[in-house]
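Visitor: Could you take me through this model, one question at a time?

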Amino acid sequence: MRRIGILSDTHGYWDDRYETYFAECDEIWHAGDIGSLEVSMRLATIKPLRAVYGNIDGGDLRRLYRERLRFKVEDVDVLLTHIGGYPGHYDPRIQSTLYASPPNLFVAGHSHILKIQYDKTLNMLHINPGAAGISGYHKDRTLVRLTIDGAKYTDCEVITLTDKIR
């Protein structure tokens, strides 16, 4: 059983509550637009970090992280990327990969819109954790925690960081 902390779109913003909410997790996944090397390094001091770069990330983060990351946790095949879309509206850059070999869990950021949705066509769970940073048009900052136990997902939890952006 693995407890996962998921976030995206920090855009270089650090919130000490990341430490609080991810302390119980076994690992942290960042779905891109990290925004600074400092944020990724601080996250990695909390728990092991798996991350991808996003469209705003510079060369330092692009050298450290890949555009896509595919890995297995317990019995779950995971695909992590920044720009991915959502069920029925996947980004063309990822669509062929998803349809040719769908993962069990697809995590993407970019839209700043929290969305947790099961794709019945591809038989996979899609998670967009929304945005954890303060840059962008979103009003609430969000994180997601999820437990993976074998091939099952349990305890999926959305955490809304209570301070409003606007």
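Guide: The buried residues of helix H2 (residues 37-46) are Val39, Ser40, Leu43 and Ile46, where buried means under 20% relative accessible area, exposed over 50% and partly exposed in between, with a 1.4 Å probe and protein chains only. This is a predicted model, in which local features need pLDDT of at least 70 and side-chain atom pairs count only at pLDDT 80 or more, while totals for chains, interfaces and linings use all residues. Residues are numbered from 1 along each chain as its sequence is written, and side-chain values use heavy atoms, with hydrogens and water left out. Helices (H or I, at least four residues) and strands (E, at least two) are DSSP runs, numbered from the N terminus.

Visitor: Within what arc do the buried residues of H2 fall, seen down its axis?

Guide: The arc is taken from the directions that lead from the helix axis to the C-beta atoms. The buried residues of H2 line one face of the helix, because, seen down the axis, they fall within an arc of 110 degrees.

Visitor: Which exposed residues does the face of H2 turned away from its buried side carry, and against which elements do the buried residues pack?

Guide: On the face turned away from the buried side, H2 carries the exposed residues Glu38 and Thr45. Counting contact as heavy atoms within 4.5 Å, the buried residues of H2 pack against strand S1 (2-7), helix H1 (17-22), strand S2 (27-30), strand S3 (49-51) and helix H3 (59-64).

Visitor: Which residue in S3 is the bridge partner of tryptophan 29?

Guide: S2 and S3 pair in the parallel sense, over three bridges. Within S3, the bridge partner of tryptophan 29 is arginine 50.

Visitor: Which residue takes a positive phi in the hairpin of S4 and S5?

Guide: Strand S4 (residues 68-73) and S5 run antiparallel and are joined by six bridges, with valine 76 in S5 as the bridge partner of valine 73. The hairpin has two residues between the strands, and the residue with a positive phi, near 55 degrees, is glutamate 74.

Visitor: Which residue of S10 stands opposite valine 107?

Guide: In S8, Leu105 and Val107 point one way and Phe106 and Ala108 the other way, and all are buried. S8 pairs with strand S10 (residues 124-129) in the parallel sense over three bridges. Leucine 105 stands opposite leucine 125 in S10, and the residue of S10 opposite valine 107 is isoleucine 127.

Note on methods. Pairing = 2+ DSSP bridges.
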